Amino acid sequence: MATPNPAPMYQLQQIPGEGRGLIARRNMTRGQRILAESPLFTFPNIEDTMPIRQIIGPKVQALNGEQRRTFFGLFNNFRYFGTTGSIGTIKTNALRVDHETDAVFPTFSLTNHSCLSNASYSWDGNIMKGTLHTIRDISAGDEITIAYGDHRRGSAGRFVCLCPLCTTDNRAGLARSDRRREEMSILEEQIWRWDGPPREPEDVFRLCHDLQVLMLEEYSSTPSPALAEVYEFAAGIAAANSDAGRDCCAIKMGVFSEAYL
Ligand SMILES: [Zn+2]
C-alpha cells in the first residue's frame, strides 16, 4: 500500500500587508526540514547587464499551464518601477542555487522576509531541490520567514519590512542592531572580497572571529548558512596553512552550525 503524503508543515495564508505567506501548522524544533521543492526553472545568476528577456522568455514558455499560472501568480515587487511581466517576477523571486545559477520556486517564493527569520532556504545538490529548514523553534500559527539578501535591515530598503525588529519601539536597541549589521557587512567585504596583497592567516582568523561574535549576538546564537560559511572559510584557511588543531576546531564549529541546516 502506498504511503500517504504527510500533511504539509505549513499552510498558505494571507498576511496583512505582505500578500500570501507560510504559516506553521504545528510546533517545530530548530533544524527541522519544512519543505523540499523542485524549482519551476533555473537560469544564470541575474546581473543587470544580462539580456534577461532572451533567457527567461523560453523558460516561461516551456512551463505547463499550471506552472505558468503559479509563476504569474507570484509577487512582482518591481511593477511599481514599470517592470511588468516575467522580468519583475524573476527579479522579485529569484533564489540562489549556486554561484552561477538562480531559480524560481512555487512555494519558497511565497516565503516572506524577516530580518530575524526563523527559517533558512538552501539548495541541496544531492536531491537537486531547494530546502527550507527551521533555524529557531517555531510554534503553530507563527509565520515562517527567511532573510532575503545580506545582513542589512529591511533588505537595504528594497521594501517596507514589517518584521518584529523593524517595527520595534526600542530605538536604542534598533540603533545597536543597525551598527552590528553595518559592521557585519564591512567584515564580509574584508573576508570574501579582499583583493589586496596576501594577508597573514592570523589576520583573517581575527576577521572571521569578529564576524562570528557579531552574528551570534545579532541573531541570538541562531545557526545559519552565513555562519556556517564563516566556519568553513576559517577551516579552509587553517587547512591551507597546515594548522591541524585550529582546522579541527573550525570544522567542528562548522559541523555544529550545519547540523541545524
Ligand atoms: Zn525587518
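In which loop does Ser 117 lie? Ser 117 is found in the loop that connects β7 (112-113) with β8 (119-124), where helices (H or I, at least four residues) and strands (E, at least two) are DSSP runs numbered from the N terminus. The model described here is predicted, and for that reason local features are considered only at pLDDT of at least 70 and side-chain atom pairs only at pLDDT 80 or more, whereas totals for chains, interfaces and linings use all residues. Residue numbers start from 1 along each chain as its sequence is written.

The confidence of the prediction is expressed as pLDDT, which the predictor assigns to each residue on a scale from 0 to 100. The chain has a mean pLDDT of 83, with 83% of its residues at 70 or more. Among the elements of the chain, β3 has the highest mean pLDDT (95), while the lowest (56) belongs to helix α8 (residues 244-258). The secondary structure comprises eight helices and 10 strands.

Burial was assigned from C-beta atoms placed from the backbone, a residue being buried if 20 or more other C-beta atoms lie within 10 Å of its own, exposed if 12 or fewer, and partly exposed in between. By this criterion, 25% of the 261 residues of the chain count as buried. Contacts were assigned to pairs of residues whose C-beta atoms, placed from the backbone, lie within 7 Å. Of the contacts in the chain with a separation of 6 or more, 64% are between residues 24 or more positions apart.

Ser 117 is buried because 23 other C-beta atoms lie within 10 Å, and, with neighbours within four places in sequence left aside, Ser 117 is in contact with Thr 145, Ile 146 and Ala 147. The C-alpha atom of Ser 117 is separated by 9.6 Å from that of Glu 143, a residue 26 residues apart along the chain. Asn 27, in the loop between β2 and β3, counts as partly exposed because it has 13 C-beta neighbours inside 10 Å. Apart from neighbours within four places in sequence, the contacts of Asn 27 are with Ser 139 and Ala 140, and the C-alpha atoms of Asn 27 and Gly 141, which are 114 residues apart in sequence, are 8.4 Å apart in space.

Strand pairing was assigned where DSSP finds at least two bridges between two strands. Two bridges link the antiparallel strands β5 and β6, and Leu 95 stands opposite Ala 103 in β6.

Strand β1 (residues 10-15) pairs with strand β2 (residues 19-24) in the antiparallel sense over six bridges, Gln 14 standing opposite Arg 20 in β2. The hairpin of β1 and β2 has three residues between the strands, and Gly 17 in this hairpin takes a positive phi near 80°. In turn, β2 pairs over two bridges, in the antiparallel sense, with strand β10 (residues 143-146), where Ile 144 is the bridge partner of Leu 22. By contrast, β7 and β10 run parallel and are joined by two bridges, the partner of His 113 in β10 being Ile 146.

In soluble globular proteins, nonpolar side chains tend to be buried together. A nonpolar core is taken here as a set of buried Ala, Val, Leu, Ile, Met, Phe, Trp, Tyr and Cys residues joined through C-beta atoms within 7 Å. The largest such core has 22 residues, and those with the most contacts inside it are Tyr 10, Ala 24, Ile 34, Val 104, Leu 132 and Ile 144. Two or more residues of this core are given by each of β2, β3, β6 (101-104) and β8. A second, separate core has 15 residues, including Cys 208, Met 215, Val 230 and Ala 235.

Note on methods:
Two residues are in contact if their C-beta atoms, placed from the backbone, lie within 7 Å.
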